[in-house]
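Thanks for coming. I will go through one model today, starting at the surface, then the charged pairs, then the pocket, then a few distances.

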Amino acid sequence: MRPVKTDRNDAAGLAQIMRVGWFKQVRIKSHDCYQVRSLLTARETLVRIRVKIENELRGLLRTFGVLFGKRVGGFTGRAHEIICGELEASPEMRIIVETLMKARASVCDQIKVLDTRLAAIARANPTLKLFMTAPGVGIITALSVVSAFDDASRFKRS
């Protein structure tokens with residue numbers, strides 16, 4: 001703690017910390033680890049966008065008395081049912097729903113691109129394969145754990 005914050009005082013404080021040993025070494029993760037974290041973050045963003053679009057569609061249709069519900073054909077099948085059947089009388093709502101469905105389809109395609117890349121990374125890493133043998137652990141969870149730890153050999157004990 002220095003009373004006056006200047007570059008000279010900061011340098012003196014850092015020198016004292018180094019001399020006394022009041023610091024802890026920070027481990028910097030590998031470049032590959034940061035790339036995997038970026039892929040996971042990008043995928044999460046796209047999934048959130050997809051969910052937001054789906055919820056917006058449900059809310060818009062509920063205003064007009066159309067309940068989305070769950071069907072065997074999934075979200076896309078139910079949306080096409082609604083577009084072809086219940087929205088025949090409202091051409092403006094039909095355009096809105098079709099536009100949002102096209103946006104959702106585009107986002108889903110981009111999620112698939114990232115999923116393919118993540119699966120390729122998982123196939124190449126033996127540690128990830130080992131993690132995925134545990135029940136309930138898939139590619140996303142295994143990649144999240146491995147990229148958070150980066151190099152497990154740096155831990156002395158399990």
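Start with the surface of this predicted model. Leu14, Ile17, Met18, Val20, Trp22 and Phe23 make a nonpolar patch of about 650 Å². One of these residues, Met18, sits in helix 1, which covers residues 7-20. Is Met18 buried or exposed? The cut-off for exposed is over 50% relative accessible area, and Met18 counts as exposed because its relative accessibility is 54%.

Now the charged pairs. How many salt bridges does the structure hold? There are 7. I will take three of them one by one.

The one I would show on screen is Arg104 with Glu54, whose side chains meet in a salt bridge at 2.8 Å, N to O. This pair links distant parts of the chain: Arg104 belongs to helix 4, residues 91-124, while Glu54 belongs to helix 2, residues 31-63, and the two are 50 residues apart. Both Arg104 and Glu54 are buried. For that label the relative accessible area has to be under 20%.

The next pair is Arg78 and Glu81, with their side chains in a salt bridge at 3.0 Å, N to O. This one is local. Both residues are in helix 3, residues 74-84, and because they are 3 residues apart there, about one helical turn separates Arg78 from Glu81. The two ends of the bridge get separate labels. Arg78 has 4% relative accessibility, so Arg78 counts as buried. Glu81 has a relative accessible area of 40%, so Glu81 is partly exposed.

The side chains of Glu98 and Arg94 form a salt bridge at 3.2 Å, N to O. Glu98 and Arg94 are 4 residues apart in helix 4, about one turn of the helix. Glu98 is at 29% relative accessibility and therefore counts as partly exposed. Arg94, at 25%, counts as partly exposed too. Elsewhere, salt bridges with shared partners join Arg50, Glu54 and Arg104 into one network. So when you look at the Arg104 and Glu54 bridge, keep Arg50 in the selection, because the shared partners put these residues in one network.

On to the pocket. In general, a probe the size of a water molecule, rolled over the atoms, shows where empty space is left. How much space lies in the largest pocket? The value is about 210 Å³. The lining has 13 residues, and those closest to the centre of the pocket are Asp32, Cys33, Val36, Ile121 and Asn125. Which of the helices gives the largest share? Helix 2 does, with 5 residues. By residue class, the lining divides into 6 nonpolar, 4 polar and 3 charged.

Last, some positions and C-alpha distances, for anyone who wants to check the geometry.

Gly136 is in the loop between helix 5, residues 126-131, and helix 6. With a relative accessible area of 81%, Gly136 is exposed. From the C-alpha of Gly136 to that of Lys5 the separation is 52 Å, and the two are 131 residues apart along the chain.

Ile96 is in helix 4 and counts as partly exposed at 31% relative accessibility. Val97 and Phe68 are 12 Å apart, C-alpha to C-alpha, and 29 residues apart in sequence.

Back in helix 3, there is Ala79. Is Ala79 buried or exposed? Ala79 counts as buried, because its relative accessibility is 2%. Its C-alpha distance to Val137 is 31 Å, for a sequence separation of 58 residues.

That is the list. I will take questions now.

Note on methods. Residues numbered from 1 in each chain as written. Predicted model: local features only at pLDDT ≥ 70, side-chain atom pairs only at ≥ 80, totals over all residues. Heavy atoms only, no water. Patch = residues over 30% accessible without salt bridge, like charges linked within 9 Å, V, L, I, M, F, W, Y side chains within 5 Å. Areas by Shrake-Rupley, 256 points an atom, 1.4 Å probe, with all protein chains shown as cover. Salt bridge = Lys/Arg side-chain N within 4 Å of Asp/Glu carboxyl O. Buried < 20%, exposed > 50% of the residue type's maximum accessible area, 1.4 Å probe, protein only. 1 Å grid on protein atoms, 1.4 Å probe; cavity = no way out; pocket = protein on both sides within 12 Å on 5 of 7 lines; lining within 4 Å. Points joined across faces, edges and corners; volume = space filled by probe spheres on them. Nonpolar A, V, L, I, M, F, W, Y, C, P; charged D, E, K, R; others polar.
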